[in-house]
Each structure stands twice: as structure tokens, then as C-alpha cells.
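Please open the model in a viewer and keep the selection panel at hand.

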There are 4 protein chains.
Amino acid sequence: MIKIGLIGFGYWGPNLARNFSHDSGFELAAICDFSANRLERAQRLHPSARLCTSLDDFFKTDLDAVAIATPVATHFDLARRAIGSGRHVWLEKPMAESVAQAEALIELAQKKQKILLVDHTFVYTGAVRKIKELIDHGRLGDLIYYDSTRVNLGLFQQDVNVIWDLAPHDISIMDFLMPFKKLAVSATGCHYYGNGLVPKSLLTIYMEGNVVGHINVSWVSPVKIRQTLIGGTSRMVLYDDTEPSEKIKIYDKGVDLNVADKDEVYHLKVQYRVGDMYAPRIEDHEALALETQHFADCIRHGKEPLTGGRAGLDVVKVLVASEESLKNRGAPVEL
Amino acid sequence: MIKIGLIGFGYWGPNLARNFSHDSGFELAAICDFSANRLERAQRLHPSARLCTSLDDFFKTDLDAVAIATPVATHFDLARRAIGSGRHVWLEKPMAESVAQAEALIELAQKKQKILLVDHTFVYTGAVRKIKELIDHGRLGDLIYYDSTRVNLGLFQQDVNVIWDLAPHDISIMDFLMPFKKLAVSATGCHYYGNGLVPKSLLTIYMEGNVVGHINVSWVSPVKIRQTLIGGTSRMVLYDDTEPSEKIKIYDKGVDLNVADKDEVYHLKVQYRVGDMYAPRIEDHEALALETQHFADCIRHGKEPLTGGRAGLDVVKVLVASEESLKNRGAPVEL
Amino acid sequence: MIKIGLIGFGYWGPNLARNFSHDSGFELAAICDFSANRLERAQRLHPSARLCTSLDDFFKTDLDAVAIATPVATHFDLARRAIGSGRHVWLEKPMAESVAQAEALIELAQKKQKILLVDHTFVYTGAVRKIKELIDHGRLGDLIYYDSTRVNLGLFQQDVNVIWDLAPHDISIMDFLMPFKKLAVSATGCHYYGNGLVPKSLLTIYMEGNVVGHINVSWVSPVKIRQTLIGGTSRMVLYDDTEPSEKIKIYDKGVDLNVADKDEVYHLKVQYRVGDMYAPRIEDHEALALETQHFADCIRHGKEPLTGGRAGLDVVKVLVASEESLKNRGAPVEL
Amino acid sequence: MIKIGLIGFGYWGPNLARNFSHDSGFELAAICDFSANRLERAQRLHPSARLCTSLDDFFKTDLDAVAIATPVATHFDLARRAIGSGRHVWLEKPMAESVAQAEALIELAQKKQKILLVDHTFVYTGAVRKIKELIDHGRLGDLIYYDSTRVNLGLFQQDVNVIWDLAPHDISIMDFLMPFKKLAVSATGCHYYGNGLVPKSLLTIYMEGNVVGHINVSWVSPVKIRQTLIGGTSRMVLYDDTEPSEKIKIYDKGVDLNVADKDEVYHLKVQYRVGDMYAPRIEDHEALALETQHFADCIRHGKEPLTGGRAGLDVVKVLVASEESLKNRGAPVEL
């Protein structure tokens, strides 16, 4: 059993704790939070874990690994301390506040030979894994675009723009499905409310090979939409995470352009293919359960996680560039 | 009866012809098209109209007004000739290829005291008129954003980007609902296919008062989506044109931010309001029928059309700026 | 060209006239209706057809075939006269008011060697033909049930119950897909309004082999539902006619019951299969166009129509039995 | 605190246990189940409850109330013993296997002055309570029909027909919303599988005032449908329990029949009203939490539960009559 300690028992921490408790290869040895209320709840649900209100106390515990589920501003210090003291680290996304921080953590983990997993949970869902399988088997042909809408009402974060809150999901999914070199980012948005925060934003990520990613995130939508279109030259996918079943629909649809003559662009032949649609059965497991097992597996065998420091860094790079572009009304920022 | 002639009997022209025939105040006196096939069809459906294959022939006809339903590249010349020869003009959107062309047509129409209507059809639909009514009655509060997705498979235009094909619908709807000064445009997109055309694009239009418009248009989506979110401080609207009934849903939802102290942005209070939704009954008329009656009314009484030259020019300005921004990966273009 | 005359230019007649006009192998030679308004409209749309207000006049026309699109109460007399005078007949559904009438028409057509087609339009849709193809290829396994909901607001018929108005669609589809011997019918319903008419009804049709058909029809539903479930031992189908695309969804789902021992019914093993769903592409033709071509083909080659007298009679039998059962609160009526 | 014991820790029991544990006014004092596995799970979740494998042992515990969540065949004996030994009873639905059993339990509870609550959970949901409120305020006008579809794949019960499994939900909702005298029941169904069980059934319940209830239940549907239409003369409701939001939609739609003259039924005027739709906000509480508080309240103040013995008996009467009608292919059974 791998002894793990958890820092942060707020919104997401309890899910981690639950998964580290059930047949995961982990023993949840300690939980740290500064809130007495939260610790009380932690105690009821995980009576055998040691509860700590101070980090010093927490880090004194005999732990092989540390999971960090705190606000992003604290990620760097906590992860550095955890790795520095010889623990493997499970780190919430986004990984860090800056590219320099993310790079420093990757370097430290390498030096200390510790596993660093960034919790890009969606990568471990049955739906995303199924799409990856389709792409790897060439079912979609060449990839053209990723276009995602992730909007709902709330929850406003007090300290970050909507980009830092919602876009990491899509950037990490896109990064997993379309591992192309990212070239530039343009981000626009709306900062209506008087507090400087941006509750609604559009990102465009330019990638190698003319592939483009569009991400629409918002805290101010009256309806919840979780809708991703993925375009390939052979087939296209609609991935809707709010569908109880049929989360993925694969359309045998496409456009064939046959330019017979370079000079005759006006006479190019456009042909549409419109065929069947099918919705493959998606395995019905909890993504976090799979991810915790994967973390245990990486620790035991010294493997690089599917969502390691490199994936985490890529997300941070896009976020930081988006923030800069956003300030300049969409002016592109090279990556 | 106002004698009207129609140039162009391709995709949209037959709809105009049908509406100019039925109790519209118009007499459809002539139809001009260079294609024999199309003219044959025109003759079957409109046996009393004079058919012309040459423009000279067409313009010799005794006509009070001319409707122009041809590719955008021909709009300027045809409209200039029509107004110049003393006819009122119904012009398809987008109005012209350049801002200079659009401005010249507006000036000419003023000088000649002729009506110039640009066919922004959606403005005349029951749904858009209902939303306008809600806004004018203050039901949405202050407007925050317009966010529209208008995607489907095909129809590729051979000579223009998707922006010129699909975005005029949304720009004209937005312009009608939110008549705020437009400040700048950022446009990004995907030009995967080797022909230089852009089949998928994202526009952001910055307006006065921190209001933002987002428009997502695509010819390469496996599914047809016509979905517009309109955010106000009091209520929000979901307008889905593919819904057979309930095209408009009004949500009594919103976010209230109370910043007690400027220095305490981290402690601002965010409150969500989640109330009822209602879907008002939409009047079930054909938009074109209303629009042709409006055109007749403007001609008879010398009124400025709801969608006149100014509205057409605004759309052209955004399109031209988008095209430029698109070439620079989203770099904003001032309007 | 087969010369055809049409009686009845009300709700459905114009659709027939349109299809008999376009490349159908027919020449629409005469149209008969007692309403001057309707005849005026007929003249505008079909200027070459002879217009008649009297049946005597109509039947004097040189006609090879007669299409009858009038209220059901008139079907028997009109069809008898048409066949009796040596014409092939296209007859709207339901075919007749009674089993005796339907049988008499079948007998007369046989004697006169004339084609009698009953217009069960849905049988000619791409969706229903696709389901038939799936069943014929054994994709659904043994059929278990047909369960259809066909409800909306209006249109109240003044002279017949909702069963006679809406159920013929489902009975004819079911009859085509599941040509099993029908054993008995139970029908229940609601006759709230004080006029004796039944605006909402449920039919159950017991068939050979324990196959059951359920049909829910209503004129008093706030929403329009056109939803049919078809259960087989291997696969199940959801057919939704209101879907713009994906009208048919085929589910690789089912239940396997393995009763190891007759005495151990309490310990039978129930296993669920939950696999992929797919939505085959449906050919996008107008059902009536196909049906008119089929009618021409039957006339030319003396073939029995897909929806001939026998199919029409089966529908009438179920309707008549339903009406009787309805009066006795669902008491079953043998067929 | 009311000391309560729970018999049965299978599918539903754990939900009851959870609700009796949290601020409900109850102390969960004992749990009885014959399965060691289940008791082990009970112990982990409710460490302070006494665990019993024998009923004798269980009934010896100091208990004010007993909750019974076991198969229906055991309800009568267990409830009789519980009430007989002076305990209040929470009884799962359906209340008993026969009308005689249900009546005996009601009589016993009255004699012993104990509370008998039948767990018709849906009556305590925000959605059903909202519909009740609308009806009580006259918003729907006179009620005409209740029409519910409750179908999905599985879970086959081994010992009862689908009617006993799924229909109690709808009968109890209908009974709550439309408390009219029930006159007769007709039930039809499909018993394809060779084991005598009926996995799919249609019920019609005739009520006073020409009001009709239709209930469609199935274990063999490829898709999950939970859709109820409720028709009134003024408004109609669509209640869809699978909708994440907008569970209730109220349509200002209807039919007005004006029969000016009894003899002129053929000329009655039918008028359709088609107005707005609205979806009221539904309170988002767990129905069971409300129901357990209600049970505590009834015990403390000697109040008759909203879903007491009378409501339970009504459900049993309909189920028993349905079972009989089902054997006779829909022949109506008087209530």
C-alpha cells in the first residue's frame, strides 16, 4: 500500500479522498485543511486518516505520496515541498500559475525521480478514451479542428478568469487527442462586471498542420452546455458530456475538395459525404478511479503518467498566453 | 401596385419571387437570369413575368423597383444601375464587397431619394422581433453579450469565406437587438483545405459599454446548430432556430456581484438568481412576407427601412474587418 | 401516360395532385371538388386539368385511374363507381367505414381486374422501408412488440374518433413491418368533451406468437410526439418522425432470459446486453413520389400494390374492432 | 428522537437508512437483513445501529417505529407484527399483495393508533408538489387525463409483473394529483418471454367525471422514458423526470368545443388556444428527506400522512384489478 496524504478538503478533495480509500492501492494516511468544518467532515468520512491543520504537521507524517487539491496560487509551493521531501505528487489542474513554476516542478520531479501527475480528469473518462481510440485507429482521418463549448451559470471564481477555471478541461482533452505542436493563441472575452474578472471567453489555438482549436467558456450562460465537435477528413465526432447515454456520436460525414487545377480554385469540386451515425457504448467507470490506479501503477513501476508534468505545462502555457492575448483584444501570442 | 423586377433566380430568388406575387402590393413584372434552365423554371411558376437574359433588356422594362439576388461580387454594379435609373432597390446581403461600395450606394439612394432595403431576413422573423420587444421593455436588463453558433455541413461557397456566407445573419440580428457602437473585431479560423478558403471561423465584436458579440460559423460541422445566447443583467435568452416550437426561452437567471469595497475584490459577493423559464408564443408568419410588405410600405410613404443602407453598411464593415483580422490570427481591427 | 382524375382538393388532395404532375407517369386530367374556392386554387396550380363540380361530369372524363381524397364516409360509393366504370383506384385511408365495404371493393377490383391502392403513405417513407429492411435481414431477431405514440394538439375531426384519424398510420406501419395474424383488439379512451367524440385513445393489438402492438393516439396533447419503439430479441429500434435527421436509432440492447429449469422460474437468469447504437442514413425522398411511381408501375404491369386492398382491409378491421372495444371500456374484440 | 429500525438493506433500504440518519428527527437504532454481506455494508455506513439477522432479535430492540423495505410478499406479515407490537410503520410500496391485506393493516393501525405511512416517494418530489399546487390554484382548469410513459431496459423482477414494479409510481402520483373516484381498470400487455411474466403493460384507469388515466410501463425499452402528460381544460403539463432542469413545462394550450346545438354535432366549433409555455423553478430537495421529516411530524402530532394507508390501498386495488384484466386481454374490472 502506498501511503498518501491529501492537502485540501474543499470541493474536489473529498472525491480524491474517496478514491484513495477504495481498493486503489493507496492508504489515505493524512488529510490537511485549515478549516475546522472541513476537517470534521473528513474525520466522519475517513476516520482512520490523520487530520492536520498545519502543513508542518502534515509533512511530518510518514507519506509516500501527496495529493494537492488547493487553489492554484498555492500549487507551486506545496508541490515543491512535497517533491522536495521525497514524495510523489498528484497535483490539481492547472498545474501552476506560470510557465516558470511548471518547468521548475518538472525539473525537480526528474531530479528527485518522483512521479508528478497532473489531474486532467477528463483524459481518464470512457468517452475521451474512446475518441482517442477512434483517432488512433484512423477512423477520423486527418484531424482538422477541435471546437468546444463549456458554459453554464456560475461558479464565479474570485481570483481567476473563467479561462483558468474551465479551459484547462478542454486544453487537456485537446492536447491528449491532438498532440500537435501549438503555435499561437488568440483569446477574446467579456469583462462586463466591474471587477476586472472575465466571466466569458473565446480561445483559438493555432496548431501545426493548419489544425485549429476553438474553446468557448463561460460562467454567465443560462443553460449548461458541454458540447465538443471534432472534425476529421473522414469522420466527425460530437461529444456531449451532458448526455446520459450516447455521449459520443460519430458521423460518417465530410467534405471532399478536389482541386483539379491550381488556377481553377473557383471551379473546385466540393462533394459532401453523408452516411450513418453511430454511438459506441462507453465504458461506465469513474474516471478518478481509473486515474488513481494509474497513479499507483506509475509509482510502482516508475512510469511516466499519461497526464504528467509535460501535459500540465502545455496547459499552463496556453492559459498564460490566453491571458496576455485577452488583454489585447485577441492579438495572437506565439507559444 | 408597385412594379418590381428580380435579378437572379438561383437559390434565394424564387423565394423573393413567390413573396412578390402573393398579396404583397407588388406586381412581379420581370425576371432576369443568364441561365436558360432557371428562366424555364421561372416561367412555369410566374407565367405573367417578362423573362430576360440580358440586363439591358431587363432595365428597359417599366419597373418601379428592382430586387437583386445575385452573388455579392455583382451587388454594387447592379444596385448602382438600378438606383441610378430611378428604381427602389431590394438588395441581398451582404450588401457589397467593400465599405466604399456600400457607402456609395447609400449616398446614391439618398441623392435619388430611392428606398434601399438590404435583405436581413432574420430581423423580420417572429422570434427576433419578440426578443427585440423583450429588450425594449427592459426585460433583460443591461445587455452583456451576444453569443451565436451557426454551423452545419456545407454549402461551401467557391468564392468567399464562411464569414461572408453565414456571419451576416448574426451580425444583422445582433445589430438590430444591440444597436451599440462597434469598436473592434477579432476573427480567427481554420483554413485546412488547400484552397485558401476558410470554412470555419470565430468572430468577436467589441462594442461600447463592455458588450461583446461572439459568432461561431462553420461549413464543416457534422450537425446543424443554430443557437444564440443573449445575456442581460436581469434575464438571459436562448434562441434556437431549429426548434419547431419554443424557439425562444427566457431564463430568469443571472449573477449579481456586489463589490462592497474596491480593495476587496477577493471578497466580492456573488449571488445567483435561478428562477422560472418561459417560452413565449412566437407569431407564425413567413419573415419574407412581412419584409416585402415593409418594403412596399417604405416605398409608398418614403420611410427608411428597418434594414436599410446603414444596417447593410454595418454588416459590411464587420465582414471586411473580420477578413483582415483573420489573416493576422485574430489581431484586433478597429472599426 | 396514365390519365388520372382526382376527387377532393382539400387538405391532402393538393399533395396528390402535385405528385401526379411531376414525372410520375401520370397525366392529371381532371380535378373534382364541390367547393369553388378549392377549384380556383386547383386551377391556378394545375391549369391543364379539367375542373368538375359534379361527379357525373367528372366520371365522363376520359380517365384510366381515379384518386379519391375525400372523407371516409364517401370512400365506398366513389371507389365502387370508379372501379365499376373500369378505372384503377388510389384510395385514401382508412379505406372504408366497414369491413363489408372494404371486402366488397376488394372483390370488385379483382373481378374488374383493376388496381386498388390504399394510400398508407408511411409505408413508402425511407424510415419505414429501412426498418423493414433491418427486420427482413434478421437484425432485430424475433419481434416482440410495436409501441407507438402519435399525439398532438388538434385537428379535431368532427365526424370520427381520433382512432379513425391517427391510428391508421400506425396500424398500416405495423402491418407492413410485422405481418402477423391479428387475434384481438382492446381499446380504451377518454371522451371528456360533451360531444361523444373520443379525442384520446389507447389500442392494444394482440397478434400471433405473443407479439403485441400498443398505439397511443391523441388530439389533446400539448406537445407533438411521433415516437415508435419496436422491440426484437436481438435489437430494438426507436423511430422518431419528428427528428430532422436520425429518424431511426437501432440499439444493440436486449434481455436474455435463461430458464434452466421450468420449476425454477424464481431463479431464472436475466442478462442485459447493452451495446452500440447506430442511426443509418435514411434516403431523403418524398414518400408520395415513390408511391405514385409504384401505383403507375402496378397499373402498367398488373402488379399487386404493396398497400393494396388486403392491407386496407386489415386496417379497417382493427378500427372497427377498436370502436367496439372502446364502447366497452377495453373489453377485447376478436378479429 | 424517534427510535427507528429498518428491515431490509437491499436496493432501497440504504437510502432510507441515510435519510433516517441525517437531521431527520430519527435515531436509526437497528437494521435487520438476512444477508451477511448487506449487514457488513450497513455496519460500515451506520456503525451505531444494532445489526440483526433474525426478526425476533430485531423486534426485541427498543423501537418507536419500523421501516420495511423488503419484497412485497413479506409486507403484510412484517407490518402486522410491527404495528401489533406498538410501532409506527413506514412501508414500501406497493403496500401489500391483496386488498384484504391492505385493509387489515389500515384497520390494525387505526385500532392501535399508530402511524402507517406508505412510501410513495414521488409525491414528495418538488416537481409533483409543484403540479399539485398548480392544480389546486385552478391553473389547469378541469382535469381531463393523466398519461404516463415509464419505460427502460430492466430491471426484471423475478416474482412480479412490470405492473407491480413500475405502475405504483404513476398510480400514486395520479391519485395525489387527481383524487377522483376510480371506477374501472383495463390492462393489456405482452408476455413474450416464456416465463409467464409480463415485462410491458398498458393500463387505463377510468375515473369519475370522464377523467382517464393511461399508464405505459415496460422493462424492455431500449431507451429510458419518464414522460407524463396531464391535460386540463385550461392548461396542459408535460412532466419529464429525466430532464436535469425544466422537469415541468406548462402549456397554455387547449381545445374549446362550443356545441351550439345538440343536433349539430357535425358543426361544432373547435377552437385551439396556443399560448406561452413556462417552466417554473422546482425546489431542489431530496424527496426522501422531506418524506422522513413528514413521517416524524405525523408521529409527533398524530397526523394522518399524505401517503397513508388509504393511498396505499388505492394503489393495491388498481394493481390487483390490472392483474385480473391483464389475464383477460383488457376486459375491464370494476373497482
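Contact here means heavy atoms within 4.5 Å. Next, select chain A and chain D, which no contact joins either; their closest C-alpha atoms lie 9 Å apart.

Two conventions apply throughout. This is a predicted model, in which local features need pLDDT of at least 70 and side-chain atom pairs count only at pLDDT 80 or more, while totals for chains, interfaces and linings use all residues. Residues are numbered from 1 along each chain as its sequence is written, chains are lettered from A and ligands numbered from 1 in the order in which they are written, and side-chain values use heavy atoms, with hydrogens and water left out.

**Chains D and B**

Now select chain D together with chain B.

Which residues of chain D lose the most area to chain B? First consider the extent of the contact: eleven residues come from chain D and eleven residues from chain B. Between them the two chains bury about 910 Å², 46% of it on carbon and sulfur atoms. Buried area is the accessible area (1.4 Å probe) that two parts lose on being put together, summed over both. In chain D, the residues that lose the most are Glu246(D), Met277(D) and Arg281(D), which together account for 48% of what that side buries. Because 100% of the interface residues of chain D are also interface residues in chain B, the copies meet through the same surface.

**Chains C and D**

Move to chain C and chain D. Chain C can likewise be laid on chain D by a turn of 180° and a shift of 0.0 Å along the axis, with an RMSD of 0.0 Å. Here Ala331(C) is the residue of chain C that comes closest to the rotation axis, at 1.9 Å (C-alpha). The copies meet through the same surface, since 100% of the interface residues of chain C are also interface residues in chain D.

**The parallel sheet of chain A**

Strands are DSSP runs (E, at least two residues) and helices are DSSP runs (H or I, at least four), numbered from the N terminus; two strands pair if DSSP finds at least two bridges between them. Zoom in on strand 1 (residues 2-7) and strand 4 (residues 65-68) of chain A, which pair in the parallel sense over four bridges. Ile7(A) has Ile68(A) as its bridge partner in strand 4 of chain A.

**Asp314 in chains A and B**

Remain in chain A and select Asp314(A), in helix 9 (residues 309-327). Is Asp314(A) buried or exposed? At 17% relative accessibility, Asp314(A) counts as buried; buried means under 20% relative accessible area, exposed over 50%, and partly exposed in between (1.4 Å probe, protein chains only). Not counting residues up to four places away in sequence, Asp314(A) touches Asp175(A) and Lys182(A). The side chain of Asp314(A) makes a polar contact with that of Lys182(A) (3.2 Å). A polar contact is a pair of N or O atoms within 3.5 Å; within protein, one must be able to donate a hydrogen and the other to accept it, and residues adjacent in sequence count only if both atoms are side-chain atoms.

In chain B, Asp314(B) is buried, with a relative accessible area of 17%.

Note on methods
Least-squares fit on C-alpha atoms with pLDDT ≥ 70 in both.
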